[in-house]
Each structure stands twice: as structure tokens, then as C-alpha cells.
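Subject: The structure for you to look at

Hi,

Here is the structure I wanted to pass on to you. Please have a look at it, and then read on for what I found.

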Amino acid sequence: MGNNIRRITSFSVDHDFIVPAMYVSRIDGDITTYDLRTRKPNADDFMDNLTMHSLEHMFATYVRNSSIGADVIYFGPMGCRTGFYLLVRNADNKKVLDVVKEVLRTIAEDADVMFGAERKECGNYRELSLDAAKREAARYLSELCSREQTFEYPKE
């Protein structure tokens, strides 16, 4: 069975060269998958579950209420805890980047309530922290603003 299985795109990228940034992971028809890499892979600086879960709640809510909200298909964490995936229909990279930065800025600077923090709204509602979401949003926003985003994975 192993010989007939194709390697998926994300396993074909050399993770030793990935830095925190925003990448186009793949394009399937009119849907673009963005790799929102918040941490350098394999650097032992992984998001803890509280931070990952908290930012997921906040970002998903704000991005679905943004100017691209009607085209957002999915937002969620990577299992490796080094970032998130954002799937957008009919995406324009610059516009999506601008929205991502605005969402992060809003979380870091203006958010005053944790979305989905009640038992009836979330399967692990006790593991949420607005402060953790704010810290991670500020951290990633700083990374995105520190360099030009090419949306391409580094080759080396």
C-alpha cells in the first residue's frame, strides 16, 4: 500500500527552511489554502494547546466577519502546532494578507471578549484565554510585518 500512496504537498516542503510567514500551500480550483506559519518548525517553540485553541476561536470569528468572510472555507490549527491553515475561495493574496493582518491587529489590540467560551459553544470551553490569543496574535502580526510576504515556500 505504501508504494501507491502519493506524498501530499505539505510533506514535500523542506520544513528546515520555513520561517514564520504566510505561504500559499496549494490551490484547488477556486480554493487557495494558506499556511499561516506562526512558528519555525522543529525549533521546539510550539504553541501550547491553550494558545492554539484560543487564537483559533478569535481568528475564525473575526475572519468570517471580515470583507472576505463569505469566501472563507475553513480556518484551523496545524497538528504540529506551528501554525494554522486558512482556506479561501476566489482569493487575492494581497487582500487576504491585509485581512489577516487586520484580524491579528484587532485581536491583539481591541478584542475584549473570548468568542465561544461557554459550554454550549465549545467542546473544551475551559481551555480558552483571551490573553493567550492576544499575545499570539501580536507575535504573529510582528512576524508578518517584519518581512515582505512572497507567499512562496523558501527553497533553501
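The chain exposes about 8,900 Å², and carbon and sulfur atoms supply 46% of that area; accessible areas here come from the Shrake-Rupley method with a 1.4 Å probe, and for residues only the protein chains shown count as cover. Please keep in mind that this is a predicted model, in which local features need pLDDT of at least 70 and side-chain atom pairs count only at pLDDT 80 or more, while totals for chains, interfaces and linings use all residues. Residues are numbered from 1 along each chain as its sequence is written, and side-chain values use heavy atoms, with hydrogens and water left out.

As for charge, the mean positions of the 21 positive and 25 negative charges are 3 Å apart. Lys and Arg count as positive and Asp and Glu as negative, without His and the chain ends, and each charge is placed at NZ of Lys, CZ of Arg, CG of Asp or CD of Glu.

Now the fold. There are 3 helices and 4 strands, in the order β-β-α-β-β-α-α along the sequence. These are DSSP runs numbered from the N terminus (helices: H or I, at least four residues; strands: E, at least two). The radius of gyration is 16 Å, close to the 15 Å that the globule rule gives for 156 residues, so the chain is as compact as a globular protein of that length. That radius is taken over C-alpha atoms, and the rule is 2.2 Å times the number of residues to the power 0.38. Along its principal axes, the C-alpha trace spans about 45 × 35 × 30 Å.

On to the inside. Buried residues make up 44% of the 156 residues (buried is under 20% relative accessible area, exposed over 50%, partly exposed in between, with a 1.4 Å probe and protein chains only). Of the contacts (heavy atoms within 4.5 Å) with a separation of 6 or more, 66% join residues 24 or more positions apart.

The largest nonpolar core has 34 residues, and Met22, Tyr34, Leu36, Phe59 and Leu86 have the most contacts inside it. Such a core is a set of buried Ala, Val, Leu, Ile, Met, Phe, Trp, Tyr and Cys residues joined through side-chain atoms within 4.5 Å. Among the elements that give two or more residues to this core are β1 (21–28), β2 (31–37) and α1 (49–64), while α2 gives the most, with 7 residues. Beyond its neighbours within four places in sequence, Leu36 touches residues including Met22, Phe59, Phe75, Leu86 and Tyr140.

A second, separate core of 5 residues includes Val13, Ile18, Tyr23 and Tyr153. Ile18 sits in the segment before β1 and counts as buried at 1% relative accessibility.

Finally, which backbone angles might you want to check? Asn90, in the loop between β4 and α2, has a positive phi of about 55 degrees although it is not a glycine, and it counts as exposed at 53% relative accessibility. Phe151, in the segment after α3, has a positive phi near 70 degrees and is buried, with a relative accessible area of 12%.

Best wishes
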